[in-house]
Amino acid sequence: MNVVLGVGGGIAAYKAAELVRLLQERGFSVQVVMTLAAQEFVRPLTFAALTGKKVITELFASEGGEQVLASAVEHIRVAEEHEMMVVAPATADLLARFAHGLANDFLTTLYLAFTGPVVLAPAMNTHMWLHPATQANVRLLRERGHTVMEPEEGPLACGMTGPGRLPEPQRIAAVVHALAGKQRDLEGETVLVTAGPTEEPIDPVRFISNRSSGKMGYALAQAAAARGARVILVSGPVNLIEPYGVRVVRVRTALEMRKAVLEHLEEATIIVKAAAVADYHVARVPEHKIKKTAMRLSLELEPTPDILAEVGQKKGDRLLIGFAAETENLVAEARRKLESKNCDMVVANLVGPEETGFGADENEVTLVMRTGEVVRLPRASKLEVAGAIFDHAVRLRLALHAAQ
Ligand SMILES: Cc1cc2nc3c(=O)[nH]c(=O)nc-3n(C[C@H](O)[C@H](O)[C@H](O)COP(=O)(O)O)c2cc1C
């Protein structure tokens, strides 16, 4: 697969050289485009030597003293010949120009002419990243369906410590790999994913919920779609952008989630239950808002239906993957859940104030499988973890079929 790598003018520009190598190792052919500012930090020769290709640095190439178009509308040719665009480091300036459709150099003109997936890996000073202008630009770009990676936290070249470091090149390469759909091993599958929390009403204006952000489920849906699956995402109330090419069914309560899951169960071949469904709901929800008084108030809660157990009963030969968010005894709890809910795999993660899991962009999980295998995955972005879960799911299904 052909990838264009845009390099912006930031200190982290030198890390783009390692990214080139990592992308090449994963089988990508890389064409580098540098902004004028990027060339202040790294010479094009570095990238030319790594890729064996001339680095594109100008919209108008100078030949024989005359300004002529670089070989017959080069930005259109490059846009057509490449399946994916990655920009690392993406400067605050590039994010702004991409967001607002400016086209005053080769990279930004190429961006407008490009119709494939775009991955942006920002790097900048913390104040520049957190500036409302930059944050608004990031929102616009994400709404457009682009993957804007979160910069990492840590000491920055400017002396500050905070968010702004370029995500590790390994991580960028993994995201490109996942989104490039290089592996089409889920083609022909229908993956049903549940995500987010549920909201259980107390009265017309109040509800009980939990800290699930939905990020893990959305990453799973995105990863499955990139690998060729048809994806149905049953989502509780979350504040996330819908993944590209995924059918989203929005629900609010545990009862609504159960109904949506059972409605789509027949067509699913893989079910991933990443939602944090409420275990209890209020037994009798009053029609009107509960008035404040000086008296104590008790709410009577009753258990919600156990969707995972019900799906486990009805699953047939579908692959069922459950999630277990625990604050202790991780593997033992996951094993118990695997057996009691008839799952094929349980993805267990520790949750709590110190842990990854709810709300975080990264996750560190342990996979407990029906075959008895236990795999501890390294801490990584939720998209990378999602990719690893499907890697193991594909292998697990083969092992289960072979054992039959
Ligand atoms: C020493 C130095 C380091 C810089 N580092 C960054 C950076 O890490 N991120 C960023 O967004 N801008 C950084 N800038 C500012 C950009 O170079 C500047 O906004 C430039 O116009 C970006 O051009 P480009 O987006 O076309 O590459 C830096 C500037 C200097 C002088």
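This text walks through a predicted model, from its ligand shell to a helix pair and then to a sheet. Local features need pLDDT of at least 70 and side-chain atom pairs count only at pLDDT 80 or more, while totals for chains, interfaces and linings use all residues. Residues are numbered from 1 along each chain as its sequence is written.

The ligand has 15 residues around it, and Gly9, Gly10, Thr35, Ala37 and Thr91 come nearest (a residue is near a molecule or strand if its C-beta atom, placed from the backbone, lies within 6 Å of it). Helix α5, residues 92-100, gives the most to this shell, with three residues. Helices here are DSSP runs of H or I, at least four residues, and strands are runs of E, at least two, numbered from the N terminus.

Helix α5 also meets helix α8, residues 132-143: their axes come within 9 Å and cross at roughly 50°. Axes are lines fitted to C-alpha atoms, for helices over the stretch in contact, and angles run from 0 to 180 degrees between N-to-C directions. The two helices are therefore oblique to each other (angles under 35 degrees count as roughly parallel, over 145 as roughly antiparallel, 65 to 115 as roughly perpendicular and the rest as oblique).

Elsewhere, eight strands form an open sheet of mixed pairing, in the order β14-β13-β10-β15-β18-β19-β21-β22. Two strands pair if DSSP finds at least two bridges between them. β14 (247-250) and β22 (374-376) are the edge strands, each with a single partner, so one side of each has no neighbour in the sheet. Within the sheet, β15 (residues 270-273) and β18 (residues 319-326) pair in the parallel sense over four bridges. Ile271 has Leu320 of β18 as its bridge partner.
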